[in-house]
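Thank you all for making time this morning. I would like to walk you through one structure, so please have the sequence and the model open as I speak.

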Amino acid sequence: MIQKQEMARDPYQKYEEAVLELATYELAMEELQRAEQPLDERTEREMEAQYRASLPRMLRVIQSGERKRRWKEAAKRDIPRALKAAAALVLALNMGLTVAFAVSDTVRAQVVEFMLTVRDEYTEVGFVPTGEEIDVPEKWTFNYYPTYIPEGYELADVAVGTGIGGVVYVGKNNHCLSIDISDFYSEGNVDTEGSTIYSAIIHGNEAMIAEKEGEVTIVWHEGEWIFTVMLTEEDSPADQIRKEAMRVAESFSTVQK
Amino acid sequence: MWIPVVILQMEDVESKGFMEALYRRNHRLMYRVAWRSGLRSSDAEDAVSQSCLNLIRAIPTLRQMGEREQAGYIAATVRNVARNLHREQRNRREMADGERALGEVPDEGAAVDAEILRRCTLDEVKRGISMLSEDDQMIMTMRFYQNRSSKDIARELGISDGAARSRISRAVKRAFQKIKENEE
């Protein structure tokens, strides 16, 4: 339990507070038990289906809610300092991006390719550098990354977990490029409600393209990895968004930091 | 399983691991509580999402609890968010209908003293609280079970600190009244 904010003043009042705490605690635990009781089979199935369909949106709402909170906190901290500068207004307008950039460092990584070198008596097998270098987030632990990021986009967010990772790039006019990678232990849904669905081939694997107003999502797999590229540009024509998203997806390469 | 990116992004490795494990254990429970509170589709999603954000801010509290207590706290959080969502929807409907905006229940009869708690059993106190309106139960849970300050409650309900204090005080008085009525 957290520390009491409004301490009772005498033993009787402390006792009364404790009784109310214990009563509400027991009521909450009883409610937990009720919540855990299975419903009838049909309702359980319906609830599970809705739960699975809701997951992507819930994750996005949680993400944007927490991001807003962090930016607000950073704004409270950073604006007074920024106001000291001559370009205070410009800084304030760009505050969101400035805050996000500060937490996303990048390092150079080499793009590598699979190479078979046939000798007289054996064949060398392995990955060799192509000579191309790209910027990848410092925290990124996966050996895959796109070599193409549309012009004007800047790295804003990086998240890396066990078998799952994601980066977010932001551009002008709230343009957003989100790239996710997850292994086959991960489960999830792609929000395709109201979308037009196409299929395509990326690196020899079948990919799904979900397109709705201002947004294109591409999902495909390579081996055990599932890749998702989502590009949101509400003020851009659909074919341009699709073309750019495909270019990002097709540029995924094996990299080595 | 997909984990909210905000959890994966936590800089503090311990908090990240703690929150990830907590989410893995309880994410279905959260949806279940929202569902059982009568919320469907986007309302259920909103309740779970908002609860997750509230829980991230309650990590220090949750850390001090056992797994079962954490589940209880999480269920209570979702239940309260669901109640608040119902309250907001009701208020919007009443505003549209020109009725009173706040779901306040008027005080009835003479104030009952807190002394009543000293002569009642715990079950009688629980019964009194469970007979309160949904709004009052939400306030009682936040204040006494979750031990949240009036300022914190005010922020979640979108009301002033003074209004939150007044609602806590009224909910407690009404709980005493219910206990007394049951006693008689």
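In chain A, strand β4 and strand β5, the latter covering residues 164-170, pair in the antiparallel sense over seven bridges, where strands are DSSP runs of E of at least two residues and helices are DSSP runs of H or I of at least four, numbered from the N terminus, and where two strands pair if DSSP finds at least two bridges between them. Within this pairing, A:Gly166 of β5(A) is the bridge partner of A:Ala159.

Before I go further, please keep in mind that this is a predicted model, in which local features need pLDDT of at least 70 and side-chain atom pairs count only at pLDDT 80 or more, while totals for chains, interfaces and linings use all residues. Residues are numbered from 1 along each chain as its sequence is written, chains are lettered from A and ligands numbered from 1 in the order in which they are written, and side-chain values use heavy atoms, with hydrogens and water left out.

Stepping back to the whole sheet, we find an open arrangement of seven strands in chain A, in the order β4-β5-β6-β10-β9-β8-β7, with antiparallel pairing. Its edge strands are β4 (154-161) and β7, each of which pairs on one side only.

Which residue can we look at in the loop between β6 (176-182) and β7 (196-202) of chain A? That loop holds A:Thr192, which counts as partly exposed because its relative accessibility is 30%; buried means under 20% relative accessible area, exposed over 50%, and partly exposed in between, with a 1.4 Å probe and protein chains only. Leaving aside neighbours within four places in sequence, A:Thr192 is in contact (heavy atoms within 4.5 Å) with A:Ile197, A:Met208 and A:Ala210. From A:Thr192 to A:Ala210 the sequence separation is 18 residues, and the C-alpha to C-alpha distance is 6.2 Å.

Let me turn now to the place where the two chains meet through helices. The axes of α1(A) and α2(B), which are lines fitted to C-alpha atoms over the stretch in contact, with angles running from 0 to 180 degrees between N-to-C directions, come within 9 Å and cross at roughly 95°. These two helices, α1(A) and α2(B), are therefore roughly perpendicular to each other, a label that covers 65 to 115 degrees. Their contact is made by A:Leu32, A:Arg34, A:Ala35 and A:Glu36 on α1(A), and by B:Leu29, B:Arg32, B:Val33 and B:Arg36 on α2(B).

Key. Angles under 35 degrees count as roughly parallel, over 145 as roughly antiparallel, 65 to 115 as roughly perpendicular and the rest as oblique.
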